[in-house]
Amino acid sequence: MPHDSDGFRRAADEAADWIARYLADPRRHRVNPSIKPGELIDALPKAGPVEGHPLDAIFADFERTILPAVGHWNHPRFFNYFACTGSTPGVISEMLSAALNTNGLNWVASPAVSELEQVALSWLRQWMGLSDDYFGQIFDTASTSTMHAIMAARELADPASRLEGQTTRLTVYCSDQAHSSVDKAVVAAGLGLNNLRKIESDESFRMIPAKLTDALANDKANGFTPCCVVATVGTTSTTAVDPLEPILDVAAPYNAWVHIDAAYAGAAALLPEYEWMLRGNARAHSLVVNPHKWLFTPVDCSAFYTRHPDVLRRTFTITPEYLRTTGDPREVNLMDYGVSLGRRFRGLKLWYVLRYFGLQKLQELLRGHIAMARQFEAWVAADDRFELAAPVPLSTVCFRLRGEDSESRTRAMVAAVNAGGEAFISQTNLKGRYAARVAIGNLATEPQDIAALWRCLQR
Ligand code: PLP
């Protein structure tokens, strides 16, 4: 029997009940698991079953064996990396999309995949204040989105490269605070890491436009072709915001593609008080924002926007006969805009999440996180044992212990907090100095969680 409806209903009821309890109180779990590498592998059979197991037995093992090895990103005291929270609409839409298992290779294969993605991304575009000519598509991660930006930049700067491979020496620019995904994108596009220029950042960790000017001029004089500038709006370590408009001014004479990496902080553009961050976006070429970071959409959901979809199409369109479609001008075949052919129905979860919360609630949640970060920042600033390690423009706070052995004592503090399992924080390196880092962005985080973390750090 291909599908056992009764069995499904029983197992789904049990899972739904478990999920409802889990989402209502993720605090019941340690935020980070306390297991050693390889422990889960050792706890599971070395080979798969010859005869299948019933769903209730599999679920029992999920609870007993798998769950203790899970890092609880839904936990309100998950302050590591950037938060990524499951939400009710996110879970339901993922369940529906798994049930449909539809694959939007092209428009014909599943019109809803193509069209709902356009609709949800258009809502988000408007809320973020992006110019109307941004065309959007959803990738898995910001790393993939940025790789597509750099591949399109290569096409624009070196149109012969699609047929010949790279024909000129192309260079890419980002700040010394940019995410490592830019480096990976340069590798993936075959441009070579030696051709990635890390532009110095200022004392607030923002790219210095004058240094970009020098680097571009120097490269041009030495026979390189500047191909792409990546401006980060919300760096990973400190959430610094590169000055977009000056960067656009500097890049313009070189016709270099300007990509905005707003993977985390782009969400804050939903707030009118953060409109300044993306001012100038109408002159940039592309932008990435991850709804799976700070917009309560389950991983994976990275929104990639470009004002030059024609360049993406030039880069990626290859259509074997079996993928030919109707040719209707309104039909969007997302396979033509990137590397992958198969496409999950990610637009469904983004649409569900945006509709469920609505702009007002999302704004309220984001403001709540920013306010909690301000509170935490104030506690750090008022305690002479600590110092702030960077400005706090959004909802992430970097700090360290003062005095001798600052690094080793701060390291020990981070390790002690994380070993306790009550809260999970991270560390970073800021211009050679170690700092602890707390990122607030979880749907369930409340002031009591920040207070608990502060008590933990005090201990
Ligand atoms: N860009 C920035 C600014 C980030 O902070 C991150 C990850 O934290 C990324 C890109 C990469 O994100 P992803 O995991 O979606 O590839």
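Residues are numbered from 1 along each chain as its sequence is written, and side-chain values use heavy atoms, with hydrogens and water left out. Because the model is predicted, local features need pLDDT of at least 70 and side-chain atom pairs count only at pLDDT 80 or more, whereas totals for chains, interfaces and linings use all residues.

The protein contains 15 helices and eleven strands (DSSP runs numbered from the N terminus, with H or I and at least four residues for helices, E and at least two for strands). Along the principal axes, its C-alpha atoms fill a box of roughly 65 × 65 × 45 Å. The radius of gyration is 23 Å, which agrees with the value near 23 Å for a compact globule of 459 residues (taken over C-alpha atoms; the globule rule is 2.2 Å times the number of residues to the power 0.38).

The ligand sits in the second largest pocket. A pocket is an open set of points on a 1 Å grid over the protein atoms alone, where a 1.4 Å probe fits, with protein on both sides within 12 Å along at least five of seven lines; a molecule sits in it if more than half of its atoms lie within 2 Å of its grid points. The elements that give two or more residues to the shell around the ligand are α6 (142-157) and α11 (291-294). In total, 13 residues surround the ligand (a heavy atom within 4 Å), the closest being A142, S143, T236, D261 and N290. By class, the shell has three nonpolar, eight polar and two charged residues (Ala, Val, Leu, Ile, Met, Phe, Trp, Tyr, Cys and Pro count as nonpolar, Asp, Glu, Lys and Arg as charged, and the others, Gly among them, as polar).

Polar contacts (pairs of N or O atoms within 3.5 Å) reach ligand oxygen atoms from the side chain of S143 at 2.5 Å, from a backbone N or O atom of A142 at 2.7 Å, and from a polar side-chain atom of N290 at 2.8 Å. Of the 390 Å² of accessible area that the ligand has on its own, the protein covers 86% (Shrake-Rupley method, 1.4 Å probe).

Two backbone features lie in loops. The peptide bond from V299 to D300 is cis, with omega near 10°, and D300 belongs to the loop between α11 and β7 (302-306). F205, in the loop between β3 (196-199) and α9 (209-221), has a positive phi near 70° although this residue is not glycine.

Terms used: Polar contact = N/O pair within 3.5 Å; in protein donor to acceptor, adjacent residues only side chain to side chain. 1 Å grid on protein atoms, 1.4 Å probe; cavity = no way out; pocket = protein on both sides within 12 Å on 5 of 7 lines; lining within 4 Å.
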